[in-house]
Amino acid sequence: MALSKPNEVTLALVGRTGNGKSATGNSILQRNAFKSKVASGSITKKAELQQGVLGDGRGVNVLDTPGLFDFAVGSDNVSKKIANCINLAKDGIHAILLVLSVRSRFTEEEAEAIQVLRGLFGPKITDYLIIVFTGADVLEDDEATLQDYLDANCPQPLQEVLQLCKHRTALFNNKTKNAKKRASQINELIILVDKIFTENGGKPYTNELFLSLQEETKRQRKMKEEAELQALAKKETARLQEQMQKAYDAQLARVTETIESKLSGTISSLERELAETRQAHQNAVSHSHMAHQQAMNEIHALQHNLSAAHQEIERLRRPPPRPHRLCAIM
Ligand SMILES: Nc1nc2c(ncn2[C@@H]2O[C@H](COP(=O)(O)OP(=O)(O)O)[C@@H](O)[C@H]2O)c(=O)[nH]1
Ligand SMILES: [Mg+2]
């Protein structure tokens, strides 16, 4: 049967310097294991693992990380440092406590850092995430609850983070000397840790998981980049095709125009030639009419002359008329 609780609990503290990570670690361990200072600037330079015992007798390991959120994010160095941190917790991490302070506003850098963490660890990191708010004493002074605080100070990015970690929140007053209060705030946190343990099938966050999730994240990022590249190439191809089509259309229009103007020149010269030929033909026809008429006239004249000649011949052939009696007497 699967365990409902880890035998030993390992917690990692992350968050901006000054939010109270070390102080929270000390509260959980119930001793001054980590240096917690007022001074600004990164106090914890190296990840540090300290051990203690919980109220129910289980061992607890607390990993205080240097302000992961203070790193120049996005470099390979960060993921190396994170891997080293996780390595410190040899049996893996049961919960990652993102420490925020009610004494300072949730900054954009923090929202960004969470996205970076998700990018580095993979979105699965949120399955291990608990948001710990420090400065409960400040709220107590104002007689306000965490809900009152969130109702008044919950920018969109924080709302998104809360949603991602299924609203697992814990409130710590690291200043209180009240033993009962100190114990109850640890208990409430550990209830959430045990819940995460069951929800994640008893699997702590290990370096192997980190590395495989990182691989998966890298693979997904590569796929996304490739898809983006492909989309870009497709867009570029479409743009080039459009450009080519436009150039082709313009060329076609130019060629058509040239052909049309040449054709219209040819047509008008052909029309001109046709008109000239027609004129020549008409001239020839009328010329031949005239020649025909002249020939006919000449024939008529010849015929006339001929018949006159015939008549003359006829007349000449006729015998001369008989002389009158009077002439015979002579
Ligand atoms: N009033 C109040 N101050 C706190 C609380 N937790 C931490 N601090 C103070 O916040 C400052 C930074 O705390 P520290 O643990 O060094 O923060 P870290 O840089 O995140 O490790 C210190 O002066 C702490 O005393 C808290 O619950 N209430
Ligand atoms: Mg610290």
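# Reading a sheet and its surroundings

Modeller: Helix α1 is mostly covered, since 9 of its 9 residues are buried. Bear in mind that this is a predicted model.

Biologist: Which residues in α1 are buried?

Modeller: They are K21, S22, A23, T24, G25, N26, S27, I28 and L29. After α1 comes Q30, whose phi is positive, near 60°.

Biologist: What lies in the loop between β1 and α1?

Modeller: One residue to look at there is N19; β1 covers 8-14 and α1 covers 21-29. N19 is buried, with a relative accessible area of 2%. Buried means under 20%. Leaving aside residues up to four places away in sequence, N19 touches V99, L100, S101, S104, E110 and T134.

Biologist: Now the sheet. How do strands of a sheet pair?

Modeller: They pair through backbone hydrogen bonds, and the pairing is either parallel or antiparallel. In this model, an open sheet of 6 strands has the order β2-β3-β1-β4-β5-β6, and its pairing is mixed.

Biologist: Which strands stand at the edges?

Modeller: β2 (48-53) and β6 (169-172) do. Each has a single partner strand, so one side of each is left without a neighbour in the sheet. From one strand to the next, the twist averages 25°.

Biologist: Which helix packs on the sheet, touching β4, β5 and β6?

Modeller: Helix α6, residues 156-164, packs there. The direction of α6 makes about 130° with that of β5.

Biologist: Which residue in β5 is the bridge partner of V99?

Modeller: V132 is the partner of V99. On the β6 side, V132 stands opposite A170. Further along, T134 has F172 in β6 as its bridge partner. T134 is also among the residues that N19 touches.

Biologist: Where do the side chains of a regular strand point?

Modeller: In a regular strand they alternate between the two faces of the sheet. For β5, the residues L129, I131 and F133 point one way, while I130, V132 and T134 point the other way.

Biologist: Are those residues of β5 buried or exposed?

Modeller: All of them are buried. With 6 of its 6 residues buried, β5 is largely enclosed by the rest of the structure.

Biologist: Which residues does E140 touch?

Modeller: Not counting residues up to four places away in sequence, E140 touches N173 and K181. E140 and N173 are 33 residues apart in sequence, while their C-alpha atoms are 9.2 Å apart in space.

Biologist: Which residues make a nonpolar surface patch?

Modeller: V255, I259, L263 and I267 make a patch of about 340 Å². V255 lies in helix α8, residues 207-317. V255 is partly exposed, with a relative accessible area of 37%.

Definitions and conventions:
Residues numbered from 1 in each chain as written. Chains lettered and ligands numbered in written order. Predicted model: local features only at pLDDT ≥ 70, side-chain atom pairs only at ≥ 80, totals over all residues. Heavy atoms only, no water. Pairing = 2+ DSSP bridges. Helix = DSSP H or I, 4+ residues; strand = E, 2+ residues; numbered from the N terminus. Axes fitted to C-alpha atoms, helices over the stretch in contact; angles between N-to-C directions. Contact = heavy atoms within 4.5 Å. Patch = residues over 30% accessible without salt bridge, like charges linked within 9 Å, V, L, I, M, F, W, Y side chains within 5 Å. Areas by Shrake-Rupley, 256 points an atom, 1.4 Å probe, with all protein chains shown as cover. Salt bridge = Lys/Arg side-chain N within 4 Å of Asp/Glu carboxyl O. Buried < 20%, exposed > 50% of the residue type's maximum accessible area, 1.4 Å probe, protein only.
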